[in-house]
Amino acid sequence: MSKKVRVRFAPSPTGGLHLGGVRTVLFNYLFARQQGGDFILRIEDTDQGRFVPGAEAYILDTLEWCGLVPDESPRHGGPFGPYRQSERKAMYRPYAEQLIEQGHAYYAFDTPQELEKMREQFKSDTNPSPQYDRATRLSMKNSLTLPAEEVQQLLAAGTPHVIRILMPESETVQLTDMIRGEISFETSTVDDKVLIKADGMPTYHLAVVVDDHLMQISHAFRGEEWLPSAPVHVLLWKYLGWENEMPVWAHLPLILKPDGHGKLSKRDGERLGFPVFAMNWTDPGTGETTRGYKETGFLPEAFVNMLALLGWNAGNDQEIFSMEELIQAFSMSRVHKGGARFDYEKAKWFNHEWIKQTPAASLRPHVATLLQEKGINSAKEQSLETIIDLVKDRCTLLPDFVAQTVFFFENPSEIDLASIQPKWNEQKNMFFIELIRNWELNNDWTVATLTTSFQELAAANHLKPGELMLPLRIMLVGGKFGPGVFDIAAIIGKEATLQRIQHVLAQLPHPHP
């Protein structure tokens, strides 16, 4: 019987969550939900020098905004905790010592100065960045070159040291990847990675294997940038006697810059003016804020939908997916090997589609908040959802609702008179004066009545309604935008409608026949 599906996302709390990281979460989450499994969030905070306060909470808050809530995490708990590697520190050393006893790892006592000297000594045109590997290890200060007695003395004296894996020579390490198929690595090309650092903390290489084993992880999905480390991890699973429990691997393709050249980075977003983080991230050190999709005005459903199709497709023409539809349709077999080019215009298209299909009641809290931030109290609470339904097809990002709704709540601050004046004449002027009188007497202030009375008055004055609609629109909203003009008049009411028409008439010339 196959073991229960358990997947994990294991970020380092070193800053904001790039959209590539959120996509890794999404693919993990979709696979787990589809297979009836568990999704675990584990915080890999073993590099204390890079730890950033607030980053862990930011990661968890981001996933909650996206609707990708873990089953187990530092915030939610679970039977395999603790879920921060710093709190698991005592667990790792015994496994590293076991590897030393088996001859698969060794103590290294080299100082930073000795490591730098080695790099200078072995530097050449063909090897510009020498590593700690089979070519250099025997010239260094480690338990492979020192007498056993001296090693014990150094350890007893508390001499700073690391534990390194002893990479075998001329071995081929193989793994089966769900996306890439069979992959082979030559061990002679891989350096002796540090497993335990001088501060006693494990590195990613040891911690990820030990934790995946102890947490019974069945599948490990991560970015393809981790492929060069894969042979180290495969060997650790083998050396620790857990080869038969090793998770199924999948190395996800990169998200590329819009031009297709190179991995998408924070700098690309800043340069091209689009967000690359899910939510605003403010760096505690510099105070700089990097813009996020949430604050830019994306719905989480649209953001997730867009991410799912970066490197995966359902095998048909469908592009709009709810979370449930993604769970049903997702398969690793349809994740591409090649990088996925990021297209911000397409991301906005997804958001526009989601805004159009989202019920006004669901959009209402977003719109009310945005209006409030602009000092607009959307007092006409009963009509706010009606207004949202009228304008949502015109909104690509949530802040667009402000420009598209503000005129329902307050008089336009600017009037585009220049668009009325060239074709303005006495006949049109008289029409609007008559329209004011007509509508003042109207006790049935509905779209149908307003439309009929407007058209009848235009016909009586031998004017085409189309020539009058633009001036009326500008009078009511200030410019050439907005939903149906009679819908606007019906919602803002008789008093505001007549007042706005009179306000603009007073600013227009009064031509004489």
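What share of the contacts in the protein chain with a separation of 6 or more comes from residues 24 or more positions apart? Such residues account for 72% of these contacts, a contact being heavy atoms within 4.5 Å.

## Basis of the model

This is a predicted model, in which local features need pLDDT of at least 70 and side-chain atom pairs count only at pLDDT 80 or more, while totals for chains, interfaces and linings use all residues. Residues are numbered from 1 along each chain as its sequence is written, and side-chain values use heavy atoms, with hydrogens and water left out.

## Overall form

The protein chain has 19 helices and 13 strands, taken as DSSP runs (helices H or I, at least four residues; strands E, at least two) and numbered from the N terminus. Its radius of gyration, computed over C-alpha atoms, is 32 Å, well over the 24 Å that the globule rule (2.2 Å times the number of residues to the power 0.38) gives for 513 residues, so the chain is more spread out than a compact globule. Along the principal axes, the C-alpha atoms fill a box of roughly 110 × 50 × 40 Å.

## Nonpolar cores

Of the 513 residues, 51% count as buried, that is, under 20% relative accessible area with a 1.4 Å probe, protein chains only. A nonpolar core is a set of buried Ala, Val, Leu, Ile, Met, Phe, Trp, Tyr and Cys residues joined through side-chain atoms within 4.5 Å. The largest has 114 residues, and Phe432, Trp439 and Ile501 are among those with the most contacts inside it; helix α19 (residues 485–507) supplies its largest share, 11 residues.

Not counting residues up to four places away in sequence, Ile501 touches Phe432, Leu435, Ile436, Trp439, Leu472, Met475 and Leu476. Apart from this core lies another, of 39 residues, including Leu99 and Val173.

Key
Buried < 20%, exposed > 50% of the residue type's maximum accessible area, 1.4 Å probe, protein only.
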